[in-house]
Amino acid sequence: MTKPESAVHAYDVVISGAGLAGSAAAILLARRGVRVALLERRSDPEAYKVLCTHSITANAYPVLDELGLVPALEKAGAVRNEARWHTRWGWIEPRAAAAGPPLPYGYNIRRSTLDPLIRSRAAETPGVDLLLGHQVTGLVREAGRTVGVRASAPQGEREIRARLVVGADGKDSAVAKFADVPVRQHENTRFAYLAHFRNLPLPGGIAQTWFLEPDMAYAFPNDDGVTVMAVVPDKERLPAFRDDLEGSFLAFVRALPEAPPIDSAERITKIIGTIDHPLRSRKASAPGVALIGDAALTGDPLWGVGCGWALESARWLTEAVASTATGRGDLDKALATYARTHRRRLTAHQTLAADFAKARPFNPVERLMFSAAARDESLARHMHLFASRLIGPLRFLNPAAVAKAASVNLKHRRAATAPTR
Ligand SMILES: Cc1cc2nc3c(=O)[nH]c(=O)nc-3n(C[C@H](O)[C@H](O)[C@H](O)COP(=O)(O)OP(=O)(O)OC[C@H]3O[C@@H](n4cnc5c(N)ncnc54)[C@H](O)[C@@H]3O)c2cc1C
């Protein structure tokens with residue numbers, strides 16, 4: 001039988017999932033005096049998310065910095081993630097302006113390095129109890145409100161009570177399911193496969209992304225000289241692709257413009273992937289519950305933004321609830337503030353991504369912005385800010401940027417059609 005830990009709250013906050021979002025939230029909350037139980041279903045402290053290309057966008061840098069992880073990441077060999085993107089108009093190659101500040105960056109760092117690092121930092125933080133091998137199997141609810149979790153643990157079933165339960169348990173969030181949080185789902189009509197390689201040099205030593213309309217491909221240099229290669233084709237290609245997975249993967253890479261020399265590289269992992277990865281959005285709060293990371297919003301992996309938003313949402317939650325989670329003030333009001341921030345910051349991104357997940361070619365606005373970014377340095381920088389999720393769709397498509405793109409393309413057309421002497 002499930003035994004309550006104590007009639008009073010043993011913890012202020014219980015977090016389900018010690019991945020990126022959960023570990024970050026545990027650290028940030030505990031530093032503000034909140035007592036946190038951080039539950040992780042896996043018992044190995046070195047466990048990590050295998051299915052990820054782990055390019056962490058620049059919007060996450062301030063959170064990594066606040067967590068104190070930047071020196072450890074640099075020491076572990078994390079690669080600052082400069083990138084160039086292939087389009088049918090040529091390469092978009094964002095560079096810092098001659099007299100301007102450096103471009104903001106995040107890191108390419110394998111999850112086998114990042115996940116254990118952030119989890120161990122959480123475990124070392126005073127006020128955090130990391131409980132490994134604890135799988136959340138239900139919620140404790142009183143008068144329509146969540147007041148704790150039930151978990152299967154090495155010592156049997158446990159009931160752990162807290163003022164707030166945080167679901168940081170990924171795209172199939174158990175907390176969201178048990179709290180009956182409705183989910184909005186959008187089909188993703190692409191599939192993805194990836195593998196890690198050694199001895200796979202890339203032009204300029206930086207990340208490459210190929211927009212092949214509708215297919216996509218990526219090469220990301222990572223820590224320890226490892227390059228992640230990923231292909232994200234239209235699902236129409238899936239049956240033929242799967243008939244010969246390795247052959248199809250290699251053929252896809254060989255056919256890329258400026259293809260990396262895949263045949264002389266050494267593959268050091270299996271080719272793994274996902275053939276069904278819908279986009280999901282959930283309201284980020286319910287009475288006594290908050291959702292962060294993929295539990296709140298699962299994006300399309302092709303944009304490589306989930307890790308950054310896992311970290312950012314942990315910070316938004318902390319800023320909203322830290323003082324009320326300890327019993328002072330109105331927790332529901334704080335949760336509403338968090339849910340509002342989450343919606344305001346991410347809904348427009350997800351709307352665009354859901355449309356692009358239909359595996360369609362670029363629409364007219366994307367054609368305008370991408371073609372101009374391939375021809376103009378300042379628009380390439382603007383594109384970098386959007387891809388890094390430092391600006392949202394509204395600022396990306398602001399009237400001045402759209403007008404500039406139109407003028408760049410007009411000049412390009414005039415130059416191309418001008419008679420040669
Ligand atoms: C193919 C692919 C490529 C990707 N590439 C990128 C990329 O390049 N860049 C990027 O930013 N994002 C990428 N993503 C997305 C990224 O992996 C996720 O957005 C990110 O891992 C979300 O972090 P999280 O902490 O919310 O969830 P997770 O990393 O999924 O962590 C959830 C944790 O909760 C635990 N858990 C689950 N259920 C329970 C339970 N019932 N009880 C207790 N614990 C539980 C899990 O064991 C896990 O430790 C990619 C995704 C895919 C599928």
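User: How many bridges join β4 to strand β8 (residues 107-108)?

Analyst: This is a predicted model, in which local features need pLDDT of at least 70, side-chain atom pairs count only at pLDDT 80 or more, and totals for chains, interfaces and linings use all residues. Residues are numbered from 1 along each chain as its sequence is written, and side-chain values use heavy atoms, with hydrogens and water left out. Strands (E, at least two residues) and helices (H or I, at least four) are DSSP runs numbered from the N terminus, and two strands pair if DSSP finds at least two bridges between them. In β8, Tyr107 is the bridge partner of Ile56, and β4 and β8 run antiparallel, joined by two bridges.

User: Which strands stand at the edges of the open sheet, each with a single partner strand?

Analyst: The open sheet has three strands in the order β4-β8-β5, with antiparallel pairing. One side of each edge strand is left without a neighbour in the sheet, because each has a single partner strand, and these edge strands are β4 (55-56) and β5 (79-80).

User: How many residues lie between β16 and β17 in the hairpin they form?

Analyst: Strand β16 (residues 216-221) pairs with β17 in the antiparallel sense over six bridges, and Pro221 stands opposite Thr227 in β17. Asp224, in the turn of the hairpin, has a positive phi of about 60°, and the number of residues between β16 and β17 is five.

User: How many of the residues of strand β17 (residues 227-232) are buried?

Analyst: Buried means under 20% relative accessible area, with exposed over 50% and partly exposed in between (1.4 Å probe, protein chains only). Thr227, Met229 and Val231 point one way from β17, while Val228, Ala230 and Val232 point the other way, and all are buried. Strand β17 is thus mostly covered, the count of buried residues being six of six.

User: At what angle do helix α11 (residues 377-387) and helix α13 (residues 399-417) pack, and what word describes how they lie to each other?

Analyst: Axes are lines fitted to C-alpha atoms, for helices over the stretch in contact, and angles run from 0 to 180 degrees between N-to-C directions. Angles under 35 degrees count as roughly parallel, over 145 as roughly antiparallel, 65 to 115 as roughly perpendicular and the rest as oblique. The axes of α11 and α13 are 10 Å apart and the packing angle is about 140°; α11 and α13 are therefore oblique.
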